[in-house]
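The sequence and the model are shown first, and the description follows.

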Amino acid sequence: MECVVVPWWKSDWALCLSLPIERQVRRTLGSDQKMPGLYPGNQQVRPTGRILYHLSGLRLRVVGATDPPIIVISRSVQLQLLDLLGLEPTHPRWPET
């Protein structure tokens with residue numbers, strides 16, 4: 001039996017996750033539905049599964065038990081995507097305990 005490793009962004013659950021995200025980003029972009037920064041060369045393109053590629057680079061840094069976590073953003077397109085999704089990167093929600 002051959003074992004094939006499938007990258008996470010090509011799996012079925014990634015598809016179920018990416019479709020609502022793409023729809024929200026496109027709605028927020030409006031009628032043009034194109035944004036720069038998803039691909040090298042900074043050309044204006046319609047958001048696709050490449051959104052998950054950029055969001056996968058986000059990191060959550062937990063500083064202490066009482067301090068809220070910090071989202072570490074390494075590329076400007078990540079900040080733009082979070083903004084289009086209506087997420088506040090400077091105030092991530094801390095789970096209630």
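In this report, a residue is called buried under 20% relative accessible area, exposed over 50% and partly exposed in between, using a 1.4 Å probe and protein chains only. The model is predicted, so local features need a pLDDT of at least 70 and side-chain atom pairs count only at pLDDT 80 or more, while totals for chains, interfaces and linings use all residues. Residues are numbered from 1 along each chain as its sequence is written, and side-chain values use heavy atoms, with hydrogens and water left out.

**Overall architecture**

The protein comprises three helices and two strands, arranged from the N terminus in the order α-α-β-β-α. Helices (H or I, at least four residues) and strands (E, at least two) are DSSP runs, numbered from the N terminus. Of the 97 residues in the protein, 28% are buried. Contact means heavy atoms within 4.5 Å. Among contacts between residues at least 6 apart in sequence, 40% join residues at least 24 apart.

Confidence is expressed as pLDDT, the predictor's score for each residue from 0 to 100. The protein has an average pLDDT of 79, and 77% of the residues score at least 70. Confidence is lowest in α1, with a mean of 82, and highest in helix α3 (residues 76-84), with 90.

A nonpolar core is a set of buried Ala, Val, Leu, Ile, Met, Phe, Trp, Tyr and Cys residues joined through side-chain atoms within 4.5 Å. The largest one has 14 residues, of which I21, V25, M35, L38, I51, L55 and L81 touch the most other members. Each of α1, α2 and α3 supplies at least two residues of this core, and α3 gives the most, with four residues. Not counting residues up to four places away in sequence, L81 touches V25, M35, L38, I51, H54 and L55.

Within α3, the buried residues are V77, Q78, L81, L82 and L84. They lie on the same side of α3 because they cover an arc of only 160 degrees around the axis, the arc being that of the directions from the helix axis to the C-beta atoms. The face of α3 turned away from this buried side carries the exposed residues S76 and D83.

**Individual residues**

E22 belongs to helix α1 and is buried, with a relative accessible area of 12%. Leaving aside neighbours within four places in sequence, E22 is in contact with P47, T48, G49 and I51.

The charged end of R50 sits over the ring of Y53, at 4.2 Å from the ring centre. A charge is said to sit over a ring if NZ of Lys or CZ of Arg is within 6 Å of the ring centre and within 35 degrees of the ring normal.

Most residues other than glycine have a negative phi.

| Residue | Phi | Location |
|---|---|---|
| Q33 | about 55 degrees | loop between α1 (12-29) and α2 (50-55) |
| G86 | about 75 degrees | just after α3 |

Is Q33 buried, exposed or partly exposed? Q33 is partly exposed, with a relative accessible area of 25%.
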